[in-house]
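Trainee: Could we go through this model together? I would like to start with the helices and then change topic.

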Amino acid sequence: MPVTRFSPDGLQPHTPYEHVAVATGSRHIHVSGQIARLADGSPVAPGDLTGQVAQVLRNTGRALAGADASFEDVVRLTFYVTDWAPEKIGPFMAGIESVVEDLGLPWPLPPASLIGVDHLFEPDVLVELEATAIAP
């Protein structure tokens, strides 16, 4: 396995992600920010953070598969969420949990950041996800 994830003692416990990923491999894969759109560009789940989180993960999975990789190869996820507030963590996590099994997401997730932003490039986009993977 090219990626080992873990959380060393002394770091914040009980997070839905591992704090560290160590990767070995020869292919670095960088997936651009994925949003909740279908292949034809039509929006998915307007106004629904849970639905949009699920769709960005599906799109990220497709992008990884296109590079002959999977979420098992991911060493870093960066989520950007508009108008972030702590009360949004429930709908955000529900979106992740709704696709964990279907997409084979490792749990806990790879190291991840959630960054609150004022807005993204289109008004209906509530979340964007970037991924970095290392594959053999």
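Predicted model: local features only at pLDDT ≥ 70, side-chain atom pairs only at ≥ 80, totals over all residues.

Trainee: How do the axes of H1 and H2 cross?

Mentor: The axes of H1 (residues 49-66) and H2 (residues 89-97) come within 7 Å and cross at roughly 40°. The crossing of H1 past H2 is right-handed.

Trainee: Which residues meet there?

Mentor: From H1, Leu 49, Thr 50, Val 53, Ala 54 and Leu 57 meet Pro 91, Phe 92, Ala 94, Gly 95 and Ile 96 of H2. By class, this contact has eight nonpolar, two polar and no charged residues.

Trainee: What about the largest nonpolar core?

Mentor: That core has 28 residues, and those with the most contacts inside it are Leu 57, Leu 64, Phe 79, Phe 92, Ile 96 and Leu 105. At least two residues each come from strand S3 (27-34), H1, strand S4 (74-82), H2 and strand S6 (127-135). H1 supplies the largest share, six residues.

Trainee: And Phe 92, what is it in contact with beyond its neighbours within four places in sequence?

Mentor: Phe 92 is then in contact with Leu 49, Val 53, Phe 79, Val 81, Trp 84 and Leu 114.

Trainee: Changing topic, where is Pro 8?

Mentor: Pro 8 lies in the loop between strand S1 (3-6) and strand S2 (20-23).

Technical notes: Residues numbered from 1 in each chain as written. Heavy atoms only, no water. Axes fitted to C-alpha atoms, helices over the stretch in contact; angles between N-to-C directions. Helix = DSSP H or I, 4+ residues; strand = E, 2+ residues; numbered from the N terminus. Left-handed = near helix turned anticlockwise from the far one by under 90°. Contact = heavy atoms within 4.5 Å. Nonpolar A, V, L, I, M, F, W, Y, C, P; charged D, E, K, R; others polar. Core = buried A, V, L, I, M, F, W, Y, C linked by side-chain atoms within 4.5 Å. Buried < 20%, exposed > 50% of the residue type's maximum accessible area, 1.4 Å probe, protein only.
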